[in-house]
Amino acid sequence: MTADLDVPARKRTAGPVQWLAGWKLWTVPPSALALVLTVELLAVAGFALVLRDFDWTTGAALRWLLLVGMSVLHAELSARVERLRRYLTAGVHVTMTSVWAFTAVLSLPASYAAALVIVLFVHSNWQRRQQRSTVAHRELYSISVAVLGSLAACEAHRLVLAWLPPLVGGLDGALAALAALIVYLGVNSVLVLTTIYLVVRPVPLRDLLPEREELALEVGTLVLGIFTAQALIATPWLVPLVIVLLVLLQRSSLVAQLEVAAATDTKTGLLNASAWQELAQRELVRSQHTGSPCALMLLDLDHFKRVNDTLGHLAGDVALRAIGDALKRELRGYDAVARFGGEEFVVLLNDLNLDAAVLVAERTLSRIRGLEIAGSADGASGLRLTASIGLAAHPQHGQHLTDLLEAADLALYAAKSAGRDQVGLPAAARQVARPA
């Protein structure tokens, strides 16, 4: 994992002292600065400590050189894909070079493993310097975190092997590898996420956690490192085949990220209109085949123009994100929800009839009423948000998606005309449904 603490710095043009003094590291909060400097000092001390026990052996040296060669070759072959993955990743980015670092943890002494980590990051820094996308203090901290994670994982691996008696089928080795994986992942994750939190707080912890897909990719990469370590010890000629697996894994991850990006609204993180229509159409066909009900909810932010005119367009974007977050929290995870355009949102509520959909819509409006967009720094007061909702249900208000959208749009217009901040229903349902 790597942490982005600030934007890329300008090219170094001053002397070493002026350049060092110009690092944006010195502008971060004191708690974050203290953690960064502590981690870097511990990494230096830890590396110096294991170097005292450095023992040159031909076997270990050859394994180390093979891992260095494979890691550099892998980095060169996957540079373009990795650059695109980094661009598409929001927040914590998982680098798949950890497969080589973790292989060294399980198959080499701690001094060799830490040295390999340093080589990996120096080469990565050289690659990114060619693209003018490096920040010196960020790279230094990333190296320090990785060195500490590797040293801690080496020690966990050694202690578990020393504590466990030999078990049948090499189970003791498997348990030691699992312990090393947990420590390696834990140290890296905790240090990176804690640093980001100290820099950008206050922020909910859940907003800092990596996406499930990124976390799964990290774990999968480390598991592959376990098998690579076994291959390196038993059959070293199989190690180059790992590069093929890694490149394929990176490309499949990139394809998945591109698909998500193509289906996502950039301002809210919800589905965009075209992706929602495709998903909603499939769900509607399923409802028709199973005979289960579903409802369509069309939501429009009230007086959105006033938000833009009073607080500015950036505040308008904040309002859209706030509505999107409210919908994510209030609705079920499998409900298809999207930003439909402008300040309008649309939701397909699976397996809910009109009465149940009315209750969901009212809860959603109650959550939105608690939202407030803060004023600007010049003293402008904030604005509280409200929204209006139009509902339509399948099958009573239409069999096709366009029919339901038209019915919900008419119901939304009725809610707006009735004073906003309420739920509107199709005309035929207003007499039997509970008023909003």
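Is Arg-282 buried, exposed or partly exposed? Arg-282 is partly exposed, at a relative accessible area of 48%; here buried means under 20% relative accessible area, exposed over 50%, and partly exposed in between, with a 1.4 Å probe and protein chains only. The model is predicted, so local features need pLDDT of at least 70 and side-chain atom pairs count only at pLDDT 80 or more, while totals for chains, interfaces and linings use all residues. Residues are numbered from 1 along each chain as its sequence is written, and side-chain values use heavy atoms, with hydrogens and water left out.

**Figure 1. Overall architecture of the protein.** The protein contains 15 helices and seven strands. Helices (H or I, at least four residues) and strands (E, at least two) are DSSP runs, numbered from the N terminus. Of its 436 residues, 47% count as buried. The accessible surface comes to about 22,100 Å², and carbon and sulfur atoms hold 63% of that surface; areas come from the Shrake-Rupley method with a 1.4 Å probe, and for residues only the protein chains shown count as cover. Among contacts with a separation of 6 or more, 73% are between residues 24 or more positions apart, a contact being heavy atoms within 4.5 Å.

Figure 2. Glu-278 pairs with Arg-282 in a salt bridge whose closest N and O atoms are 3.4 Å apart. A salt bridge is a side-chain nitrogen of Lys or Arg within 4 Å of a carboxyl oxygen of Asp or Glu, and by this rule the count comes to eleven. Because Glu-278 and Arg-282 are four residues apart in helix H11 (residues 273-290), about one helical turn separates them.

**Figure 3. Salt bridges between separate elements.** Asp-300 forms a salt bridge with Lys-416, with the closest N and O atoms 2.8 Å apart. This pair links distant parts of the chain, since Asp-300 belongs to strand S1 (residues 294-301) and Lys-416 to helix H15 (residues 401-417), 116 residues apart. Both Asp-300 and Lys-416 are buried. In a further salt bridge, the closest N and O atoms of Arg-367 and Glu-330 are 3.0 Å apart. Arg-367 lies in helix H14 (residues 354-369) and Glu-330 in helix H13 (residues 313-330), so this pair ties together parts 37 residues apart in sequence. Arg-367 counts as partly exposed at 35% relative accessibility, whereas Glu-330 counts as buried at 17%. Salt bridges with shared partners also join Glu-283, Arg-286 and Asp-351 into one network.

**Figure 4. The largest nonpolar core and helix H5.** A nonpolar core is a set of buried Ala, Val, Leu, Ile, Met, Phe, Trp, Tyr and Cys residues joined through side-chain atoms within 4.5 Å. The largest such core has 61 residues, of which Trp-100, Phe-102 and Val-105 touch the most other members. Helices that each supply at least two residues of this core include H2 (30-52), H5 (98-107) and H8 (171-200). Helix H5 is mostly covered, with ten of its ten residues buried; among them are Ser-98, Thr-103 and Ser-107. Leaving aside residues up to four places away in sequence, Phe-102 touches Ala-177, Ala-180, Leu-181, Tyr-184, Leu-222, Gly-225 and Ile-226. A second, separate core of 37 residues includes Phe-345, Ile-368, Ile-373 and Leu-385.

**Figure 5. Packing of helix H2 against helix H8.** The axes of H2 and H8 come within 8 Å and cross at roughly 150°. H2 is therefore roughly antiparallel to H8. Axes are lines fitted to C-alpha atoms, for helices over the stretch in contact, with angles from 0 to 180 degrees between N-to-C directions; angles under 35 degrees count as roughly parallel, over 145 as roughly antiparallel, 65 to 115 as roughly perpendicular and the rest as oblique. On H2 the contact involves Ser-31, Ala-32, Leu-35, Val-36 and Val-39, and on H8 Leu-191, Thr-194, Thr-195, Leu-198 and Val-199.

Figure 6. The peptide bond from His-394 to Pro-395 is cis, with omega near 15°. Pro-395 is placed in the loop between strand S6 (387-394) and H15. Arg-420 has a positive phi of about 70° although it is not a glycine, and its place is in the loop between H15 and strand S7 (423-424). Asp-421, likewise not a glycine, has a positive phi of about 55°. Arg-420 counts as partly exposed at 33% relative accessibility, and Asp-421 is partly exposed with a relative accessible area of 25%.
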